[in-house]
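Reader: I am new to reading models like this one. Please take me closely through a single part, step by step.

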Amino acid sequence: MDIETYSKVGPQYYSDEASSLLKKYLTKNDFHSFLDAGCGDGNLLNYLFLNGFLNNKEVFAIDLSKNRIEIVKNIIDEAIVVAEIASVHNFPTQKLSVKL
């Protein structure tokens, strides 16, 4: 099954949890930007936005699936820059604080 087919039929999960290590890191460190590489359906980004971890941050999301990228665009109202994996070669990695 290719990635686009899977993204349309595979389950999408949204959780009210995130790793305690990640939460501790994001709380204790000053950062200005965040990259979720392999964001899937946006579960982690959704949690981090809803719980204030990404307030006033520049957020980037990358995934192999164009369909999953569209889902992320639709569920997260805050400003977010999304890209399909094919466009990563032009990605501004030097300006990223947190890469996940």
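In β2, which residue is the bridge partner of Phe34?

Author: In β2, the bridge partner of Phe34 is Val59. Let us build the picture around that pair.

Start with the ground rules. This is a predicted model, in which local features need pLDDT of at least 70, side-chain atom pairs count only at pLDDT 80 or more, and totals for chains, interfaces and linings use all residues. Residues are numbered from 1 along each chain as its sequence is written, and side-chain values use heavy atoms, with hydrogens and water left out.

How confident is the predictor? The term pLDDT is its confidence in each residue, on a scale from 0 to 100. The mean pLDDT of the protein chain is 75. Of its residues, 61% reach 70 or more. Helix α3 (residues 43-50) has the highest confidence, at 87. Strand β4 (residues 98-99) has the lowest, at a mean of 60. Where pLDDT is low, the predicted coordinates should not be read in detail.

Now the overall layout. The protein chain has four helices and four strands. Helices (H or I, at least four residues) and strands (E, at least two) are DSSP runs, numbered from the N terminus. Along the sequence, the pattern reads α-α-β-α-β-α-β-β. The chain has 100 residues, and 38% of them count as buried. Buried means under 20% relative accessible area, exposed means over 50%, and partly exposed lies in between (1.4 Å probe, protein chains only).

Back to the strands. β1 and β2 pair in the parallel sense, over five bridges. Two strands pair if DSSP finds at least two bridges between them. Besides the pair you asked about, Asp36 stands opposite Ala61 in β2. Four of the five residues of β1 are buried, so β1 is largely enclosed by the rest of the structure. β2 is mostly covered too, with five of its six residues buried.

What joins the two strands? β1, α3 and β2 make a right-handed β-α-β unit. Right-handed means this: with the strands pointing away from the viewer, the path from the first strand over the helix to the second runs clockwise. The buried residues of α3 are Leu45, Asn46, Tyr47, Leu48 and Phe49. They pack against α2 (20-28), β1 (33-37), β2 (58-63) and α4 (66-75). A contact here means heavy atoms within 4.5 Å.

Follow the chain out of α3. Gly52 comes after this helix, and its phi is positive, near 80°. Then comes Asn56, in the loop between α3 and β2. Asn56 is not a glycine, but it has a positive phi of about 60°. Most residues other than glycine have a negative phi. Asn56 counts as exposed because its relative accessibility is 81%.

Beyond β2, the next stop is Ser65. It lies in the loop between β2 and α4. Its relative accessibility is 0%, so Ser65 counts as buried. At the start of α4, a side-chain oxygen of Ser65 reaches to within 3.2 Å of the backbone nitrogen of Asn67.

Then α4 itself. Here Arg68, Ile69, Ile71 and Val72 are buried. They cover an arc of only 155° around the axis, which puts them on the same side of α4. The arc is that of the directions from the helix axis to the C-beta atoms.

Lys73 is also in α4. With a relative accessible area of 41%, Lys73 is partly exposed. Its side chain makes a polar contact with the side chain of Glu70, at 3.2 Å. A polar contact is a pair of N or O atoms within 3.5 Å; within protein, one must be able to donate a hydrogen and the other to accept it, and residues adjacent in sequence count only if both atoms are side-chain atoms. The C-alpha atoms of Lys73 and Gly42 are 8.8 Å apart, though these residues are 31 apart along the chain.

Last, the whole chain again. Take the contacts between residues at least 6 apart in sequence: 68% of them join residues at least 24 apart.

Note on methods:
pLDDT is the predictor's confidence in each residue, from 0 to 100.
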